[in-house]
Amino acid sequence: MSNFSTFEKGRTEEALEKTTSQKAMWKRLLEESRTRILLLYALLLLLLGGGAVPIFRYLLFFSVDSRVEESMYGEQESFFSAYANWEAEPDQSIEDLRAFVDDFLQTTLPEDDNFQIVLLDGELYRSSPFYLLAPFQPGSELFNRWQTVTEFVLEQEDTRVPHVGNITYTAKPIVLEGEQRGIFVVAHSTAGERQEALVGVYLFAAFTLVTVFVSLLIAWLAAGRLLAPIATLSRTARAISESDLNQRISTPRGNGDLSELANTFNAMMDRIQGAFDSQRDFINDAGHELRTPITIIQGHLELMNGDPQEREDTMELVMDELDRMGRLVSDMSLLAKSERPNFLQLETISVRTFAEELFAKATTLADRHWQLVGEEEGYMVGDRQKLTGAMLNLLRNAAQHTQTTDSIEIGYAFKAARRMNYQVKFWVRDTGEGISQDEQHRIFARFARGQRQQRRSEGSGLGLAISSAIAEAHGGEIKLVSQLGKGATFWMILPGTCRL
């Protein structure tokens, strides 16, 4: 009994899980853009098709009624045209009129579902065809109305009889020698032609449904093809992981929205991959740079003994390495903050005064032939402290790559640029060893040092990267012109505000 209950419970849970899975599948299907587009398309088609059927029915019935009235007018005109010719003969009597009617009805056939009826002296004389529908026979309400006609009439009446339908008729008096002797009636029963028209309506409705179904099928396939890049985007996004950022979407042909979406996604992934690679390299380089002083500190502390002199030397070395680590962390923090909106504390700066302050600070960096040159005066908006730090990095770099016999020039210029804007240029030109073309492509990278530097500098390898980041934060840039053996010139180009 227990095993049976367990089996039934398992089957119930399995059925419940299957039902839940099916519901989730249908829910996911209904939430897809493809399904929503298809449902909207189906709704529009059904509304258009549903509205087209009654419009088609109305137009078809209107066309039938117009043709019927035209045929009735034609039969009336044919009768009275022949009657006018007959009446023109002299001495025509009522008997001659009967003979004329007999001859006309025998030789003239009415249109389908039309009845030609002649009343003489208030009585039914003859009709074509001979058999009359019940509403046309003597004694009916309609027949009694015809007996009272004194002028041409065109009327329509609903008999509410299915096999008869609506009746349309024209009636016109027959006048002989100035006296009304009869009435010529052309009557039409709409049941037959309406039935034929309804068959056409039913065929049109069936054709509309088939067209809607085929259109939906084609739309489903077409939507799947058109929205394939979106599905690929979803699969690609799921396939992307922290260790694999190489997935891309194949761009559809053309310049449509989906092509733009694919290009935008691929461009975004390129930026993300670039940022991820940069971050990874930055972390690897930072780890490498921090590992060296840590190893040095750890090794000297392990080997330190009780000798006071050795202990003092070790402490001096440890403090020096800790200072270098502190500068490295500060520089890394500054680079990280350079991408923030509030990185800069802006103020109006006099270009000449700023250059003179730089020159005063530069002369304390090293024993070199320092020079200050300038062209014109102007103002710019920037962060004085950070710009000072950026320029000092360039000046310190120049000092590290020159000898005491070399010259270092600090220059500034304030010139008009395009579109009536101004441009401020600062430069640091030295007569030192210069920089090779290969190194010029990597010198602004983080933790980059010249291959010929041999670690003469105590810097972190972030100085030029920090200077470039500060210039870019101000909307400017740093350029380098150099040749081996002929010195180097670093340009910091910034936007200016006005000339003095």
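User: In β5, which residue is the bridge partner of valine 175?

Analyst: A heads-up: this is a predicted model, where local features need pLDDT of at least 70, side-chain atom pairs count only at pLDDT 80 or more, and totals for chains, interfaces and linings use all residues. Residues are numbered from 1 along each chain as its sequence is written, and side-chain values use heavy atoms, leaving out hydrogens and water. Strand β4 (residues 166-176) pairs with β5 in the antiparallel sense over ten bridges (strands, E, at least two residues, and helices, H or I, at least four, are DSSP runs numbered from the N terminus; two strands pair if DSSP finds at least two bridges between them). In that pairing, valine 175 has as its partner in β5 glutamine 180.

User: What is the phi of glutamate 177?

Analyst: Glutamate 177 sits in the loop between β4 and β5, a hairpin with two residues between the strands. At 63% relative accessibility it counts as exposed (exposed is over 50% relative accessible area, buried under 20%, partly exposed in between, with a 1.4 Å probe and protein chains only). Phi is positive here in a residue other than glycine, with a value near 55°.

User: Which residue in β2 is the bridge partner of glutamine 116?

Analyst: On the β5 side, glutamine 116 stands opposite valine 186. β1 also pairs with β2 in the antiparallel sense, over five bridges. There, the partner of glutamine 116 is serine 128.

User: How far apart in sequence are the parts that aspartate 121 and arginine 181 tie together?

Analyst: Aspartate 121 takes a positive phi near 55° in the hairpin of β1 and β2, and it's partly exposed at 42%. Its side chain meets that of arginine 181 in a salt bridge, 3.2 Å from N to O (a side-chain nitrogen of Lys or Arg within 4 Å of a carboxyl oxygen of Asp or Glu). Aspartate 121 lies in the loop between β1 and β2 while arginine 181 belongs to strand β5, so the pair ties together parts whose distance in sequence is 60 residues.

User: Which residue is linked with Glu347 and Arg384 in a network of salt bridges?

Analyst: Glutamate 347 and arginine 384 form a salt bridge, with their closest N and O atoms 3.7 Å apart. That pair links distant parts of the chain, from strand β6 (residues 347-350) to helix α10 (residues 384-400), 37 residues apart. Glutamate 347 is partly exposed at 36%, as is arginine 384 at 22%. The network that holds these two also includes Glu357.

User: What is the phi of aspartate 113?

Analyst: Aspartate 113 is in the loop between α3 (94-107) and β1. It's partly exposed, with 32% relative accessibility. Although it isn't a glycine, its phi is positive, at about 65°.

User: Is the peptide bond from serine 128 to proline 129 cis or trans?

Analyst: Proline 129 lies in the loop between β2 (123-128) and α4 (141-146). With omega near 0°, the bond from serine 128 to proline 129 is cis.

User: How far apart in space are valine 68 and serine 189, C-alpha to C-alpha?

Analyst: Valine 68 is in helix α2 (residues 33-87) and is buried, with a relative accessible area of 5%. In sequence, valine 68 and serine 189 are 121 residues apart. In space, their C-alpha distance is 9.6 Å.

User: What is the phi of glycine 475, which follows α12?

Analyst: Helix α12 (residues 463-473) is mostly covered, with eight of its eleven residues buried. Among them are Leu464, Ile466 and Ile470. Glycine 475 comes after the helix, with a positive phi near 85°.
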